[in-house]
Amino acid sequence: METRTMDPIIAMNGVSKWFGDFQVLKNLDFSVDPGERVILCGPSGSGKSTLIRLINRLEEHQEGTIAVNGIELDDDPHKIEQVRADVGMVFQHFNLFPHLTVLENCSIPLRLVQKKSAREAEELAMKYLSRVRIPDQAGKYPGQLSGGQKQRVAIARSLSMCPRIMLFDEPTSALDPEMVKEVLDTMVELARDGMTMVCVTHEMGFAKEVGDRIVFMDCGQIIESAPPAEFFGAPRTDRAREFLGQVL
Ligand code: ADP
Ligand code: MG
């Protein structure tokens, strides 16, 4: 028997979402405990990105409830702002500002959102650039960096806002193979430090190493949710077996 000692930090209950007539998420229940690392996987188009985008309200759901850190998301901009302060997100395509240096990319959000002084913002940004092991790139522009370095800047920028939850949406899918490891290593370190993480990824080695739980989605539904040893060792559904046959 699983014993729960704490309230989930992300709690989705009966969540459905449509894009026009198309139902992309179907009555989903999904929750994440503080400090838990959840790996979200499944075929392309199954709704993984939509699910994680609901968590910081980059998309809106139409049915059910979503609470993050006890705040239930609705149209109230104040609540959305509170939730976004707790949730960092890293995308497949870095989303860095090309006309700003690495240091500016990381420090400007701290000044604009958290109203830090220029000096304090730069110090914090440097701290996190060091943490992802690229302090020496601070003065460069994104165009001068490798893909792996850009993604680590994106991670540093998110971390410098001190989120309680980090969402990753296929952070290594756009990278050349030789750069995947440096980004995954950064994520492994983050996991070791106890960060609550929801990662959409097809990197099954990483999933086994870091995941507390693997959530497998197909056609807008959660089909399986199990610890890695169980999911990889004995998937319960044909759909999961077929998926694993393609990615492993
Ligand atoms: P995944 O991340 O698992 O590949 P997505 O969440 O991106 O899946 O998409 C799930 C489905 O929703 C896909 O069929 C996709 O085409 C559709 N979809 C995603 N975003 C939109 C949108 N903004 N408008 C209409 N359809 C969308
Ligand atoms: Mg996606």
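Q: What is the order of the 4 strands in the open sheet?
A: The order is β2-β1-β4-β5, and the pairing is antiparallel. The strands at the edge are β2 and β5 (71-72), each of which pairs on one side only. Strands (E, at least two residues) and helices (H or I, at least four) are DSSP runs numbered from the N terminus, and two strands pair if DSSP finds at least two bridges between them.

Q: What kind of model is this, and how is it numbered?
A: The model is predicted: local features need pLDDT of at least 70 and side-chain atom pairs count only at pLDDT 80 or more, while totals for chains, interfaces and linings use all residues. Residues are numbered from 1 along each chain as its sequence is written, chains are lettered from A and ligands numbered from 1 in the order in which they are written, and side-chain values use heavy atoms, with hydrogens and water left out.

Q: Back to the sheet: how many bridges link β1 and β4?
A: Strand β1 (residues 10-19) is joined to strand β4 (residues 63-68) by 5 bridges, in the antiparallel sense. Within this pairing, N13 has T65 of β4 as its bridge partner.

Q: Which residues are around ligand 1?
A: They are F19, F22, V24, P43, S44, G45, S46, G47, K48, S49 and T50. A residue is near a molecule if one of its heavy atoms lies within 4 Å of it. By class, this shell holds 4 nonpolar, 6 polar and 1 charged residues. Here Ala, Val, Leu, Ile, Met, Phe, Trp, Tyr, Cys and Pro count as nonpolar, Asp, Glu, Lys and Arg as charged, and the others, Gly among them, as polar.

Q: Where does a polar side-chain atom of T50 lie?
A: It lies 2.5 Å from an oxygen atom of ligand 1. For K48, a polar side-chain atom is 2.8 Å from an oxygen atom of the ligand. With G45, a polar backbone atom is 2.7 Å from a ligand oxygen. A polar contact is a pair of N or O atoms within 3.5 Å; within protein, one must be able to donate a hydrogen and the other to accept it, and residues adjacent in sequence count only if both atoms are side-chain atoms.

Q: How much of ligand 1 does the protein cover?
A: On its own, ligand 1 has 560 Å² of accessible area, and the protein covers 58% of it. These areas come from the Shrake-Rupley method with a 1.4 Å probe; for residues, only the protein chains shown count as cover.

Q: Which element gives the most to that shell?
A: Helix α1 gives the most, with 3 residues. T50 has its place in this helix.

Q: Is T50 buried or exposed?
A: T50 is buried, because its relative accessible area is 10%; buried means under 20%, exposed over 50%, and partly exposed in between (1.4 Å probe, protein chains only). Apart from neighbours within four places in sequence, T50 is in contact with K17, F19, V24 and L25, where contact means heavy atoms within 4.5 Å.

Q: New topic: how many residues of β9 are buried?
A: In strand β9 (residues 213-218), 6 of its 6 residues are buried. R213, V215 and M217 point one way, and I214, F216 and D218 point the other way.

Q: Which strands pair with β9?
A: Strand β3 (residues 37-41) pairs with β9 in the parallel sense over 4 bridges, and I39 has I214 as its bridge partner. Strand β10 (residues 221-226) runs antiparallel to β9, with 5 bridges, and I222 of β10 stands opposite M217.
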